[in-house]
Amino acid sequence: MNEEYVLQLQHISKEYPGVQALKDVSLEVKKGEILALIGENGAGKSTLIKTCSGAVIPTSGKIIVNGKEFSSMSPQLAAENGIAIIYQEFNNVKGLSAAENLFLGNPIKNGILIDRKAMEKEAEKAFAQLNIKIDPKKLCGDLTVGYQQMVEIAKAIKQNARVLIMDEPSAPLTSAEVESMFKVCELLKSQGVSIIYISHRLDEIFRLSDRIVVLRDGEYIKTLITKDSHVDELIRLMVGRELTETYPARPDCIRHDETVLELQDVTGNGDTNISFKLHKGEVLGLGGLVGAGRTELAQMLFGAVEKTSGKIIFKGKEIHPRSPRQAIDAGIALVPEDRKRHGALLGVSVKNNINMAIYNRISKLSVINSKKELETANSYKTNLLIKTPSVNQLVRNLSGGNQQKVILGKWLAANSELIIFDEPTRGIDVGAKFEIYSLINNLVEQGKSILLISSEMEELMGMSDRIIVLAEGKMTGELKRESFDQNAIMRLASAV
Amino acid sequence: MKNTIMNQIRDKAIWLVLVVLFIAFAAANDKFVSANNLFTIARQVSMFGIAAVGMTFVILIGGIDLATGSIITLVNVVAAYLMVKMNFSIIAAIITSLMLATLIGSLNGFMVAKIKMPAIIATFATQIIFEGAAYIMSGGTPIYGFDPAFKMIGQGYVGPVPVPVIIMAITFAVGAFILNKTYFGRYFYAVGGNEEASRLSGIKVNSVKFMIYALSGFFAGLAGIVMLSRTNSAQPTAGKGFEFDVITCVVLGGVSVSGGYGKISNVIAGTLIIGILTNGMVLMNVSTYMQMVVKGIVLILAVGFDSIQNKSGLAKA
């Protein structure tokens with residue numbers, strides 16, 4: 001037992017049905033150090049820190065805080081033992097003042113009344129301790145994002161947090177705000193507070209951290225001393241897995257002479273100047289980290305969000321999709337990331353889901369041609385091998401892979417020519433994954449074009465003909481199949 | 001599997017309640033089962049039933065329409081005013097007032113779908129506005145003295161069957177047709193189940209909502225015409241509180257208040273239950289205030305049952 005550690009995680013594992021999110025991960029945090037936690041999307045960073053806050057109960061392992069051992073935490077225990085997390089989404093009440101937010105749930109009282117004056121005074125002190133100037137009377141909703149984050153940090157410190165865990169703290173901030181956040185971090189460090197800093201911005205990690213822990217696929221990989229390490233090494237550690245999974249082979253069916261989709265400086269929804277071409281029969285992968293602006297780009301192509309400028313040229317004609325309906329009628333489809341919330345209509349039957357985008361086409365005077373409706377549903381049930389006792393089954397009762405096939409069936413029924421897949425295999429078991437890959441191959445063989453957004457490096461490299469990488473809303477590079485390389489993709493995605 | 005059995009029970013339970021209630025009242029009061037009384041019940045519920053079709057659509061998409069009662073009042077007053085004071089023909093008066101009812105429904109639809117006001121507030125506001133407007137227009141006194149032919153709609157018979165019952169039956173049939181045979185019905189269920197997924201499937205969610213509130217206004221207007229013909233006099237408070245009974249009919253009929261689930265056939269059962277309950281209580285000399293207490297409890301039971309269903313459904317998913 002080493003006393004210099006304020007927090008130790010020992011042999012933490014977390015299993016979900018069918019998924020091992022964390023495998024025997026151990027790490028230590030020293031007093032007054034900034035420890036960076038890095039890894040690709042899905043490496044297990046969030047799950048790991050959630051075990052510290054009590055939001056996730058580990059399947060096995062120990063959490064040792066100041067020498068006290070716990071098999072799992074609860075939010076109360078975490079707070080009592082001085083562990084605080086600053087999430088990306090702030091836990092503040094926008095309609096209350098900064099001071100009131102600081103004392104949220106635990107206000108200073110004067111009899112039965114709230115002593116606002118005292119709270120404002122205390123708040124001022126708390127902010128001064130962090131060397132920041134915030135008017136405690138100001139409503140949280142009127143503060144900039146950076147200051148709102150400071151209020152969160154001040155709140156944690158006021159509650160005697162000794163370990164501050166920050167999950168992508170710089171993501172919503174402007175560069176000036178990042179600078180002040182760094183200053184606060186340094187100050188806290190000098191006061192003996194330890195910080196676990198999660199970020200995919202490697203430059204920040206090199207500037208701020210003392211040590212770096214790398215996770216990959218739920219496993220602990222290595223701890224590095226920041227000043228002795230190098231970006232290349234980090235990237236290699238983050239992505240350096242063996243490419244083991246096999247992907248169904250497909251013949252080359254790219255029609256290089258036929259451009260289906262062309263983007264010219266498309267800007268909006270957080271993306272800037274995105275330009276690329278997609279050929280008929282091609283699978284174009286969109287790589288990048290979470291928040292790189294890939295889903296946002298898909299939303300603009302699909303008309304779910306309007307672009308602010310730039311040109312979308314689809315099948316030789318410029319289009320301006322202002323609603324999903326317009327995009328669908330043009331021949332664009334989106335298989336969204338959040339299947340249950342945005343993709344399938346869970347409370348509606350398989351038959352109705354498959355026909356949902358084409359009811360206006362199979363109806364006369366709004367009366368549905370129910371024979372056609374049933375035929376369409378049954379044909380896609382057969383073609384896509386959707387496992388369901390009947391097409392009248394509610395989609396809620398299907399497995400994830402089969403729900404995904406129902407969504408795909410809907411777009412094939414609508415005759416879509418460009419299909420955008422956003423994380424198509426997330427939460428789908430291995431067997432069903434392979435089926436989805438084979439379906440994607442069938443689609444390009446039939447002359448459809450695919451835009452594939454995937455955070456799984458293997459999947460992206462295994463399925464794409466070409467990969468475009470985005471970072472923070474900008475295109476950072478393009479790779480042809482023969483030059484696919486995990487390190488190169490990660491480097492582009494981290495924009496270093 | 002368990003899910004399907006639960007749904008089966010949920011689907012049929014309401015008819016069982018109806019039968020039990022019927023037998024209970026029949027045993028308690030010998031006047032209850034007379035042919036005369038049964039037709040009275042059927043005539044009484046016809047207005048609820050007609051308005052319930054529109055309300056079913058609204059609740060299916062997870063909305064609510066509180067303006068139903070005041071649309072009924074306004075239609076009473078306007079149709080009477082047109083016929084008596086402005087010498088409109090019966091047909092012209094009916095068409096004009098139905099158009100007005102649809103227009104008010106469209107206003108609700110505009111506020112809910114385009115301005116994104118919460119339905120409960122938007123329709124509450126129109127309820128108050130048009131209740132007041134009807135009162136102003138009538139001067140606070142009943143309007144009467146229509147062409148005797150107008151009585152046919154609310155009081156006439158075709159063979160042994162009262163005309164309002166026929167109108168209700170047609171309305172239910174139209175409602176079931178829209179829900180089951182047209183794509184609008186599919187859209188209603190889809191939007192009620194998940195708005196965002198519906199939008200991303202190409203459904204113009206706002207247009208669907210707008211249309212539904214307009215339809216709800218239209219059906220309320222139709223119920224208003226039947227009421228005017230039955231009472232043969234336009235009362236400035238004719239439809240007050242009517243939406244409460246209609247909402248109870250619909251929710252009792254198993255339409256989920258959170259949207260996405262429900263059937264017209266069960267709304268018929270819900271409507272009949274409210275009819276039998278009201279009539280039975282009147283026969284047993286239960287005071288109006290006690291009736292309010294009972295109906296309020298019935299609404300709580302119906303919504304409570306629905307909420308418990310939803311909770312267990314969510315836990316499963």
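**Exercise 1. Which residue's side chain meets that of A:Arg201 in a salt bridge?**

This is a predicted model, so treat each number as computed from predicted coordinates.

*Solution.* 
- Step 1: Start from the side chain of A:Arg201 and look for its partner, which is A:Glu472.
- Step 2: Check the distance. The N to O separation is 2.7 Å, and the cut-off for a salt bridge is 4 Å, so the pair qualifies.
- Step 3: Chain A splits into domain 1, covering 5–239, and domain 2, covering 255–494.
- Step 4: Tally the bridges. Between domain 1 and domain 2 of chain A the count is 2 salt bridges.

**Exercise 2. Describe how domain 1 and domain 2 of chain A meet.**

*Solution.* 
- Step 1: Get the spacing. Their C-alpha centres sit 36 Å apart.
- Step 2: Count who touches whom: 11 residues of domain 1 of chain A are in contact with 12 residues of domain 2 of chain A.
- Step 3: Work out the area. About 1,100 Å² is buried between the two domains of chain A, and carbon and sulfur atoms supply 52% of that.
- Step 4: Trace the secondary structure. With 6 residues, helix α8 (residues 231–239) of chain A gives the most to the domain 1 side.
- Step 5: Sort that side by class, and you get 5 nonpolar, 2 polar and 4 charged residues.

**Exercise 3. Now do the interface between chain B and chain A.**

*Solution.* 
- Step 1: Count contacts. Here 21 residues of chain B are in contact with 26 residues of chain A.
- Step 2: Take the area. Chain B and chain A bury about 2,000 Å² between them, with 61% from carbon and sulfur atoms.
- Step 3: Look for charge pairs. The count is 1 salt bridge. The side chains of B:Arg186 and A:Glu373 meet in a salt bridge, at 2.9 Å from N to O.
- Step 4: List the elements on the chain B side. Those giving two or more residues are α7 (163–181), α8 (183–193) and α9 (195–199) of chain B. Of these, α8(B) gives the most, with 6 residues.

**Exercise 4. Is A:Thr226 buried or exposed, and what does A:Thr226 touch?**

*Solution.* 
- Step 1: Locate A:Thr226 in the loop between β12 (219–225) and α8 of chain A.
- Step 2: Read its relative accessibility, 4%. Buried means under 20%, so A:Thr226 counts as buried.
- Step 3: List the neighbours. Leaving out residues up to four places away in sequence, A:Thr226 touches A:Ile205, A:Phe206, A:Ser209, A:Asp210, A:Arg211 and A:Ile212.
- Step 4: Zoom in on A:Arg211, whose backbone nitrogen lies 3.3 Å from a polar atom of the A:Thr226 side chain.

**Exercise 5. Is B:Asp245 buried or exposed?**

*Solution.* 
- Step 1: Find B:Asp245 in helix α11 (residues 242–252) of chain B.
- Step 2: Apply the cut-off again. B:Asp245 counts as buried because its relative accessibility is 11%.
- Step 3: Check its surroundings. With residues up to four places away in sequence set aside, B:Asp245 touches B:Phe48, B:Ile274 and B:Lys295.

Terms used: Residues numbered from 1 in each chain as written. Chains lettered and ligands numbered in written order. Predicted model: local features only at pLDDT ≥ 70, side-chain atom pairs only at ≥ 80, totals over all residues. Heavy atoms only, no water. Domains from an automatic or database assignment. Contact = heavy atoms within 4.5 Å. Buried area = accessible area lost by both parts, 1.4 Å probe. Helix = DSSP H or I, 4+ residues; strand = E, 2+ residues; numbered from the N terminus. Nonpolar A, V, L, I, M, F, W, Y, C, P; charged D, E, K, R; others polar. Buried < 20%, exposed > 50% of the residue type's maximum accessible area, 1.4 Å probe, protein only. Polar contact = N/O pair within 3.5 Å; in protein donor to acceptor, adjacent residues only side chain to side chain.
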